[in-house]
Amino acid sequence: MNNPEDIKVILFDLGGVLIDFVGLREVKQFMSGDPSPLEVRSKWVNSKALSGFEAGKLNKHEFIDLFREEWEISMSAEDFEALFVSWLNGPFPGMKELLLDLRRDYQLACLSNTNQLHWDHLMEVAGLNRLLDNHYASHEIGMIKPDRRIYEFVSKDLRVDPAQILFFDDGKENVEGAINAGMKAFQVDGPATIREKLRIASLFPKS
């Protein structure tokens, strides 16, 4: 990694990084047999319903209908919508403290593959609209990770070189996408591992 002084922006994914998102555990109930976590994640990331919703190409009703079809979910659209929203389980312990510590030295932003049902909740209930300086949601941008263009969009909007951005995500494919776009990136699973990676990179604490 380059000199720590080169890092200007720390960019975070949300679900699985700052926010406890239980969807990948809960959706397993709609799969036959006893699928492994990797099998569940593979079906999740390859869901046309989810990718279309997170890219802003499907409205709420279209997403719910297609997702229920893909996963063979028999519950009503209304019940599934409530279940889907409930999969956001709130901030991880230590999330607020981590961001407040880092804000003293770095510009903070998020880049999330998310959707209209989750976004407002993430910003308001979790308080991320106040803790982060910049907010990038896939359904508003019209692209999803790991598309190289979404990282380039964020870098351009932030007016910093990709090499000056450090990105944290829980998805290996998203981390690889960020690295391929010129960012520095780590795969993590919450504030504790973020702090560990920051220390390894000599980025935390900076002052």
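A residue is called buried when its relative accessible area is under 20%, exposed when it is over 50%, and partly exposed in between, with a 1.4 Å probe and protein chains only. By that rule Ser202, at 52% relative accessibility, counts as exposed. Welcome to a predicted model, in which local features need pLDDT of at least 70, side-chain atom pairs count only at pLDDT 80 or more, and totals for chains, interfaces and linings use all residues. Residues are numbered from 1 along each chain as its sequence is written, and side-chain values use heavy atoms, leaving out hydrogens and water.

Let us stay with Ser202 for a moment. Ser202 sits in the segment after α12 (191-200); helices here are DSSP runs of H or I with at least four residues, strands are runs of E with at least two, and both are numbered from the N terminus. The phi angle of Ser202 is near 60°, a positive value in a residue other than glycine. Glu72 also has a positive phi, near 55°. Glu72 belongs to the loop between α4 (60-70) and α5 (77-86) and is exposed, with a relative accessible area of 72%.

Now let us go inside. In soluble globular proteins, nonpolar side chains tend to be buried together. A nonpolar core is a set of buried Ala, Val, Leu, Ile, Met, Phe, Trp, Tyr and Cys residues joined through side-chain atoms within 4.5 Å. The largest one here has 51 residues, of which Phe12, Leu14, Leu18, Trp87, Leu128 and Leu198 touch the most other members. Apart from it lies another core, of 19 residues, including Tyr136 and Phe167.

Leu102, in helix α6 (residues 95-102), is buried, with a relative accessible area of 1%. Not counting residues up to four places away in sequence, Leu102 is in contact (heavy atoms within 4.5 Å) with Ile10, Phe12, Leu108, Leu198 and Phe204.

The side chain of Lys145 makes a polar contact with the side chain of Asp13, at 3.0 Å. Such a contact is a pair of N or O atoms within 3.5 Å; within protein, one must be able to donate a hydrogen and the other to accept it, and residues adjacent in sequence count only if both atoms are side-chain atoms. A cis peptide bond, with omega about 10°, joins Lys145 to Pro146.

On a 1 Å grid over the protein atoms alone, a pocket is an open set of points with protein on both sides within 12 Å along at least five of seven lines, a cavity is a set where a 1.4 Å probe fits but cannot get out, and lining residues have an atom within 4 Å of a point. Grid points are joined across faces, edges and corners, and a volume is the space filled by probe spheres set on the points. The largest pocket has a volume of about 890 Å³. Of its 38 lining residues, the closest to its centre are Phe21, Leu24, Arg41, Trp44 and Asp170. Helix α2 gives the most to this lining, with 6 residues. The largest cavity has a volume of about 30 Å³, and Leu102 is among the residues that line it.
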